[in-house]
Number of protein chains: 2
Amino acid sequence: MPIEQPAKTNLPTLEDVAARAGVSTATVSRSLNAAEQVSRGTRERVLAAVRELGYAPNFGAQALAAKRTNTFGAIIPTMENAIFARGLQAFQEQLSDEGITLLVASSSYSAELEEQQIRTLVARGADAMLLIGHDRTPESYSFLERRKIPYVVAWVYDSDEQRLSIGFDNRKAMAELTRRVLDLGHESIAVITAECSENDRARERLAGVKDVMRENDFDLDSLRVIETTYSISNGAEAFSELMQGGQKPTAVLCGNDVLAAGALMTARQLRIEVPRDVSITGFDDIELAQIVSPALTTVHVPHREMGRGAARLLMALRNDKDPGHSIELEASLRWRETLGPAASKSN
Amino acid sequence: MPIEQPAKTNLPTLEDVAARAGVSTATVSRSLNAAEQVSRGTRERVLAAVRELGYAPNFGAQALAAKRTNTFGAIIPTMENAIFARGLQAFQEQLSDEGITLLVASSSYSAELEEQQIRTLVARGADAMLLIGHDRTPESYSFLERRKIPYVVAWVYDSDEQRLSIGFDNRKAMAELTRRVLDLGHESIAVITAECSENDRARERLAGVKDVMRENDFDLDSLRVIETTYSISNGAEAFSELMQGGQKPTAVLCGNDVLAAGALMTARQLRIEVPRDVSITGFDDIELAQIVSPALTTVHVPHREMGRGAARLLMALRNDKDPGHSIELEASLRWRETLGPAASKSN
DNA sequence: TTGTATGCGTTATCAC
DNA sequence: GTGATAACGCATACAA
């Protein structure tokens, strides 16, 4: 029985390729990473050897020697719904054009968990990080700075913040929506929002509502606010809580489309007609907003622009170029079917 | 001006920790990776030094020395909708319990692209891989085998296939659904499916439909099939194509919930009432299925079980334990609102 | 343009 | 239990 394979069936290394091509390992390395430094002939011989041996670089060795992994990290609050999907997709596409692979983790909206994820991704070799919002533990920031890991904050733009960011003004966007709601004669407003404590987007959106109510001399105490985790079923539950009891709202502003979809579902079950009996609005304008019936009036968020822009900022940072300043994008109202004039006071 | 930081602001290494704790690098390494081999006292001193210095292991070096990254890879066909989200989430959770980080990439339903992604993830150090379905290039398989990268195939169970897999019988599940449809008196059936050429799940589902039609002596030529990429808008378009022209179907079986949601949307626009005028069914039972109105009759897929199970199989494989054989899970009908009796022949 | 030699930060195999 | 020390596979400064 002939021995077909040597016992050690190890993968080919640079050295093997070098031997086969009759050059040094340095030349092989250069042929692969800095082709212009190598004469055409030798490069071709090397590449042939690479193909014949099925060589692929060892990631660990490469990272160790080059001190660079060409890997970026992103931590998003959740993957369970599509809120960040489109933006992340764009981010990813842009990066892979530049030869960067993306590592994604989710924090479940917990600053504590996010800090841990940051450490994990950085340990795993991330050269740069994409983060959502400004709220996180001081340790997260000091860790990144100490490690000199470039990062950009996305999904928010706040001129008060120093950190490099790309996004939109959550407060302003929600204020604009609220203004429209009040213009339609709504006087009894409720808000279903994510927990605000570690989530500046949610907090700012709520602040936007309050700003406008104040502007219009509303009593802020009359504003009912339910904080809950983003999910369809939580939206459903919160809405049903709002609609039982004496003072029913005529407009329910939801912190995002997922909550709004849940609210809409409950409305249907309770035979509450939207927007005749009650208006419901969302935020984000994910695909869901157009699928539900009636289609959701919501705030359109520039997902793809944020993703692409964040990638560009991060690449600049990683390459020690000047990224410029933070970028403010616009979030604009999408008027669809779930927002209408206030119902006559019949409840 | 006092020098606050040494010029070289490098990260602490094992050696630094060792020096500070007054032990050798070997002991530090052991304290971190095999705590039981180290006396309690020294371990505590080491851990203290680690904390004080903010030490974190260098990933590249670790991978290089240990020949193991504790990273698994998964390639799913798409991230653009939630089809794989729940399963992947479960997979991820199970893995992170075991200290494994997950790298995810998507192939856009292209075998060519998938092969490239496999290479990328393996190059980045993936110890093991999760793949969806059996269809892929022969090179993908030979690459994995040559590299001795363990993998498992999920989302399918096919007793004819040798490869380790966990999933359900797509053909059987779709056949079961089709049987119910025919029982309701439908005689004019149409199918909206993903492209079948590189997608065994889609192919098997379509085969399931045909099986049952044959069983019931239907003319297969009368079956209208539209192949398109999974997306709401494609589902919408395909449905509208089906509903114009002479021979309108009374039941439209969609290859997944996303297509079905699109069909439903168009139906609403065309004022076609579901299921009175036409029945529509989905597949997957993602959250979307319950949000749309009327709620989608669909095939429930055991997402989380697949994810968890795949993680267990892969861990066993990676640890050179016997994973046992492929696992068949059940996919069962979820009867909701979009499937009803065939409309009287009025078209 | 090409080769030589060194170092990157761990883990693991030995001894002790 | 603990300490030397040899890999691990590559990139790169320097020399030729």
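## Stop 1: where the two chains meet

Start by selecting chains A and B: 32 residues of chain B are in contact with 32 residues of chain A (in contact means that the C-beta atoms, placed from the backbone, lie within 7 Å). Before you click further, know that this is a predicted model, where local features need pLDDT of at least 70, side-chain atom pairs count only at pLDDT 80 or more, and totals for chains, interfaces and linings use all residues. Residues are numbered from 1 along each chain as its sequence is written, while chains are lettered from A and ligands numbered from 1 in the order in which they are written.

Which helix gives the largest share of the side of chain B that touches chain A? Colour α4(B), which supplies 5 residues. (Helices, H or I, are DSSP runs of at least four residues and strands, E, of at least two, numbered from the N terminus.) By class, this side has 18 nonpolar, 7 polar and 7 charged residues. Here Ala, Val, Leu, Ile, Met, Phe, Trp, Tyr, Cys and Pro count as nonpolar, Asp, Glu, Lys and Arg as charged, and the others, Gly among them, as polar.

## Stop 2: the axis

## Stop 3: DNA strand D

Show DNA strand D and the 27 residues around it; A:Thr13, A:Leu14, A:Ala61, A:Ala65 and B:Ala26 come nearest (a residue counts as near if its C-beta atom, placed from the backbone, lies within 6 Å). Highlight α2(A), which gives the largest share of this surface, 6 residues. The surface divides into 13 nonpolar, 13 polar and 1 charged.

## Stop 4: a strand residue

Finally, zoom in on B:Thr298, in strand β10 (residues 298-300) of chain B. Is B:Thr298 buried or exposed? B:Thr298 is buried, because 27 other C-beta atoms lie within 10 Å (buried takes 20 or more, exposed 12 or fewer, partly exposed in between, with C-beta atoms placed from the backbone). Leaving out residues up to four places away in sequence, B:Thr298 touches several residues, including B:Asp257, B:Phe283 and B:Arg334.

Terms used. Contact = placed C-beta atoms within 7 Å.
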